[in-house]
Amino acid sequence: DFFSYQIGVDFNHETGYGKRIKDTTQQIGDYAGFLSMKFTPWPVLSIQPGLRVIYNRNYNAPLVYSINIKWGIAEPLAMRVSAAKGFRAPSLKELYLNFDDVNHSIFGNPDLVAESSHNYNLALNYKHNSAAAYNWGIELGFFYNQIHDKIELKQVTADAVYSYINIDEFYTQGFEINFNNRIYPWLKLNLGFSYTGR
């Protein structure tokens, strides 16, 4: 169809109770509504924007959005491009769980702030189909991610005490290439290589 859409809600509620939870009991909640639309002006082109409105009990969540474009350049060759904004609030474990025994000393950090990110992807896909059982394809993809206030577990003292911290700015970029080869209907071989820099 020229136009289609999907709409829905997503509810996540987490409760923690016990001696290792700060103040014995903690709760966090993340509730969202989302809308995804798909436009197909031509059979070779589809455009899919999306929106997500989030209410979090502990953090001010931004409006999250994305766009995905697929272009069938030629019969066996297609290109996909996507861009998205991301948001992740800390989990109950990262905020409030204190786990201290003979082997581990990991403490939650109630001062954590939420992560936000921008993500970009570009992929080219070539798929060779034949009437025989032998088919093959190759996919080349590039990605770039920019994360603000990334949450990470880190050693915070010399005596191996760990806690969760925020990293102001964190970037990853890289590429991956995958080759798939269907030799028989019941036998498929996949080979891949990826490189990530940060």
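Visitor: Which residue takes a positive phi in the hairpin of S9 and S10?

Guide: Ala160 does, with a phi near 60 degrees, and that hairpin has six residues between the strands. First, the ground rules. The model is predicted: local features need pLDDT of at least 70, side-chain atom pairs count only at pLDDT 80 or more, and totals for chains, interfaces and linings use all residues. Numbering runs from 1 along each chain as its sequence is written, and side-chain values use heavy atoms, with hydrogens and water left out.

Now strand S10, residues 162-184. Strands here are DSSP runs (E, at least two residues), numbered from the N terminus. Two strands pair if DSSP finds at least two bridges between them. S9, residues 135-155, pairs with S10 in the antiparallel sense over 20 bridges. In S10, Gln173 faces Tyr144. S7, residues 105-107, runs parallel to S10 and is joined to it by two bridges. There, Phe107 stands opposite Ser163.

S11 is another partner. It pairs antiparallel with S10 over eleven bridges, and the two form a hairpin with two residues between them. Arg182 stands opposite Lys188 in S11.

Tyr184 is also in S10. Its relative accessible area is 43%, so Tyr184 counts as partly exposed (between buried, under 20%, and exposed, over 50%; 1.4 Å probe, protein chains only).

Terms used:
Helix = DSSP H or I, 4+ residues; strand = E, 2+ residues; numbered from the N terminus.
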